Amino acid sequence: MSVAIGAAIAVFTGIGAGLGIGIATGKATEAIARQPEAASQIRSNLLLGCALAEATAIYGFVIGLVVIFVG
Amino acid sequence: MSNIQETMMSGMKNQTAFTIPVLGGIPISEAVLTSWILMVLIMGLVFLLTRKLKPDQPGRVQAFLEMSVGALNHFAQDSIGPRWRAFAPWLGTVAVYIAAANLSGLLGLVPPTKDVSVTAGLALTSVCLIYGSSFRFLGLRGGLRKFAEPMPLLIPINVMEIAIRPLSLCMRLFGNVLGSFVIMELIKALVPVGVPVVFSLYFDIFDGLIQTIVFVFLTALFTGETIQEE
């Protein structure tokens with residue numbers, strides 16, 4: 001039971017990643033709407049930022065798995 | 001329900017494929033076996049595609065190859081700067097390996113990047129490249145001075161980054177591939193027919209390629225940053 005709760009708390013990191021990716025995508029959409037000719041550059045930066053923001057969620061996920069299967 | 005749990009448990013573990021019966025038995029894990037298969041496939045493809053290259057009248061294959069190499073060089077030039085030439089081949093090699101490893105799930109193989117040892121190895125080579133090139137191009141003094149930038153107060157953080165950068169590179173790739181693997185196993189256990197194909201498009205192809213790009217991009221970015229002179 002406590003293991004499951006611990007894993008659930010670890011997966012809470014997903015909140016931050018979701019917010020971050022949402023904000024980044026919103027800003028990127030705004031930027032593309034303003035400057036459609038820079039779309040490809042904005043898109044590559046967005047991709048990188050999303051991957052970095054997503055990493056926190058992945059860390060939480062890995063820790064959740066470690067809590068369940070190793071601990 | 002316990003069935004699902006058992007599949008998950010067996011999917012999480014790194015199985016030993018077979019054991020070489022010398023020196024008391026050398027265990028070969030599935031990741032290594034899949035890597036060998038991928039190596040053979042990639043090498044075969046390389047020999048096949050580069051067999052009849054002509055400088056004056058490029059065929060369709062050659063035009064595609066030249067375009068890919070050109071794109072890689074352009075990318076390296078953009079992110080590393082004037083000293084990109086030495087790094088482009090390495091970046092391309094790693095990109096091809098990680099992409100093949102992430103996509104190997106489509107062939108029914110176990111992706112090698114699901115094993116944390118593989119991604120840790122890749123991240124270690126990356127960090128050796130990042131700091132090695134810093135000392136190679138800036139000299140010992142210049143490389144050490146890089147740690148005191150932008151101001152000496154940040155030295156502890158810059159030193160910590162030596163460990164954090166490979167850790168985050170390693171965990172990002174490993175977590176993504178393992179996560180998509182686990183989710184795919186769950187979907188396959190719930191709905192065996194049809195639905196997994198749609199999700200596999202996202203989790204296997206899109207996510208795998210994105211992670212390839214991110215790994216190579218971050219390595220190039222860090223390298224470019226550490227070899228930059230004022």
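**Close-up views of a predicted two-chain model**

**View 1. Contact between chain A and chain B.** In this predicted model, 9 residues of chain A are in contact with 10 residues of chain B. On the chain A side, the residues that touch chain B are 9 nonpolar, with no polar and no charged residues.

**View 2. Helix α3(A) packed against helix α7(B).** Two packed helices are described by the angle between their axes and the distance between the axes. For α3(A) and α7(B), the angle is about 95 degrees and the axes are 10 Å apart. An angle from 65 to 115 degrees counts as roughly perpendicular, so α3(A) is roughly perpendicular to α7(B). From α3(A), the residues A:Leu47, A:Leu48 and A:Ala51 meet B:Ile210, B:Val214 and B:Phe217 of α7(B). This contact has 6 nonpolar residues and no polar or charged ones.

**View 3. Chain B and its elements.** Chain B contains 7 helices and 2 strands. Read from the N terminus, its elements follow the order α-β-β-α-α-α-α-α-α. Its C-alpha atoms fill a box of roughly 60 × 55 × 45 Å along the principal axes. Chain B has 230 residues, and 27% of them count as buried. Among contacts in chain B between residues at least 6 apart in sequence, 65% join residues at least 24 apart.

**View 4. The largest nonpolar core.** This core has 37 residues, and B:Ala76 and B:Phe215 have the most contacts inside it. At least two core residues come from each of several helices: α3 (39–69) of chain A, and α2 (30–49), α3 (60–80), α4 (88–103), α5 (116–145), α6 (155–190) and α7 (195–226) of chain B. The helix that gives the most to the core is α6(B), with 8 residues. Apart from neighbours within four places in sequence, B:Phe215 is in contact with B:Ile98, B:Leu169 and B:Leu173.

**View 5. Helix α5(B) packed against helix α7(B).** The axes of α5(B) and α7(B) are 8 Å apart, and the helices pack at an angle of about 20 degrees. Angles under 35 degrees count as roughly parallel, so α5(B) and α7(B) are roughly parallel to each other. The crossing of α5(B) past α7(B) is right-handed. On α5(B), the contact is made by B:Ser126, B:Leu129, B:Ile130, B:Tyr131, B:Ser133 and B:Ser134, and on α7(B) by B:Thr219, B:Phe222, B:Thr223 and B:Thr226. By class, these residues are 4 nonpolar and 6 polar, with no charged residues.

**View 6. The surroundings of B:Leu138.** B:Leu138 lies in helix α5 of chain B. A residue needs 20 or more other C-beta atoms within 10 Å to count as buried; B:Leu138 has 17 such neighbours and so counts as partly exposed. Leaving aside neighbours within four places in sequence, B:Leu138 is in contact with B:Gly143, B:Lys146, B:Ile227 and B:Glu229. The C-alpha atoms of B:Leu138 and B:Gln228 are separated by 8.6 Å, although these residues are 90 residues apart along the chain.

**View 7. The surroundings of A:Gly16.** A:Gly16 lies in helix α2 (residues 14–34) of chain A. There are 13 other C-beta atoms within 10 Å, so A:Gly16 is partly exposed. A:Gly16 and A:Ala53 are 37 residues apart along the chain, and their C-alpha atoms are separated by 8.0 Å.

Conventions: Residues are numbered from 1 along each chain as its sequence is written. Chains are lettered from A and ligands numbered from 1 in the order in which they are written. This is a predicted model: local features need pLDDT of at least 70, side-chain atom pairs count only at pLDDT 80 or more; totals for chains, interfaces and linings use all residues. Two residues are in contact if their C-beta atoms, placed from the backbone, lie within 7 Å. Ala, Val, Leu, Ile, Met, Phe, Trp, Tyr, Cys and Pro count as nonpolar, Asp, Glu, Lys and Arg as charged, and the others, Gly among them, as polar. Helices (H or I, at least four residues) and strands (E, at least two) are DSSP runs, numbered from the N terminus. A residue is buried if 20 or more other C-beta atoms lie within 10 Å of its own, exposed if 12 or fewer, and partly exposed in between; C-beta atoms are placed from the backbone. A nonpolar core is a set of buried Ala, Val, Leu, Ile, Met, Phe, Trp, Tyr and Cys residues joined through C-beta atoms within 7 Å. Axes are lines fitted to C-alpha atoms, for helices over the stretch in contact, and angles run from 0 to 180 degrees between N-to-C directions. Angles under 35 degrees count as roughly parallel, over 145 as roughly antiparallel, 65 to 115 as roughly perpendicular and the rest as oblique. A crossing is left-handed if the near helix is turned anticlockwise from the far one by less than a right angle, and right-handed if clockwise.
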